[in-house]
Amino acid sequence: MAREHYAGKALIKKIYNDIIRLDLKKITYILIVSFVASFCIRITGTLFPSIFQNVWIVKFTLVTNTVFILVHLFFFICFLKSYALNRGDSLATGSFLAIIGSCLVAFIYLKNFCLVFDLDVIPLSLRNYYFDAIIPLAASLLHLLFFSLFKKVQSQQEYTALNRPLSSAIIGAAIFIVLHSIVLINFLMFGRFNWLEHMPRHVAVGTVPLIAIAAIFILYFYLKFYQYLKTTPTVTASDTGV
């Protein structure tokens, strides 16, 4: 058991070291792929919930979503380190806020990962559903601040390529704030926690278009940002107007 635990820690450390060596363009590409996979599975599972009667599909879905959340976190870390930190404007602050938001969401998914895979490592005090109800809303607010600050401090070069995608991401983040607010209000009113897809059928299916629109709007930013990085691999002070 100790050997397996050590091997697991070594594997996690290796994956972490490999990821942080990736440049921003590569991590953005990986984020796009994992983003599409995660939301396709989420929407499919909402429309056809019977597929989750298979425990292996449940575990595969959780692993896919957890990978997406962790890649999203690494994206913001890499963005801060290689893109925002030396600009001299508030984008670094926005990136740091996005990292906090992504860390919060990662906690939720890792907690659920441990519960589904029977890993008894989460203290009982952290298993309270208050965290599940509040954290996604808080994270969406922090991500909204990131996109808003990025839009505010754009350089002329960025404005040409990213202004519309940033507006799209802001709208997408705002929609997710509304959706997460529904989850929180439901929890506060009825005292039980349900993700949107686990709510009454008319609510679960009725919110699918909003989830799809929000995801597409945010994905549009990441696609355009990836294209921008392909043509502008480095950012200098002159690029940012400082």
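A search of the whole structure finds zero disulfides, a disulfide being counted as a pair of cysteine sulfur atoms within 2.5 Å. The structure is a predicted model, in which local features need pLDDT of at least 70 and side-chain atom pairs count only at pLDDT 80 or more, while totals for chains, interfaces and linings use all residues. Residues are numbered from 1 along each chain as its sequence is written, and side-chain values use heavy atoms, with hydrogens and water left out.

**Cysteines**
- Cys 78 is buried (under 20% relative accessible area, where over 50% is exposed and in between is partly exposed, with a 1.4 Å probe and protein chains only), because its relative accessible area is 12%.
- Cys 103 counts as partly exposed, because its relative accessibility is 39%.

**His 180**
- His 180 lies in helix α6, which covers residues 156–190, a helix being a DSSP run of H or I with at least four residues, numbered from the N terminus.
- With 14% relative accessibility, His 180 counts as buried.
- Beyond its neighbours within four places in sequence, His 180 is in contact with Pro 136, Leu 137 and Ser 140, contact meaning heavy atoms within 4.5 Å.
- The side chains of His 180 and Ser 140 make a polar contact at 3.4 Å, that is, a pair of N or O atoms within 3.5 Å, of which, within protein, one must be able to donate a hydrogen and the other to accept it, and residues adjacent in sequence count only if both atoms are side-chain atoms.

**Confidence**
- The mean pLDDT (the predictor's confidence in each residue, from 0 to 100) is 85 for the protein, and 84% of its residues reach 70 or more.

Key:
Helices (H or I, at least four residues) and strands (E, at least two) are DSSP runs, numbered from the N terminus.
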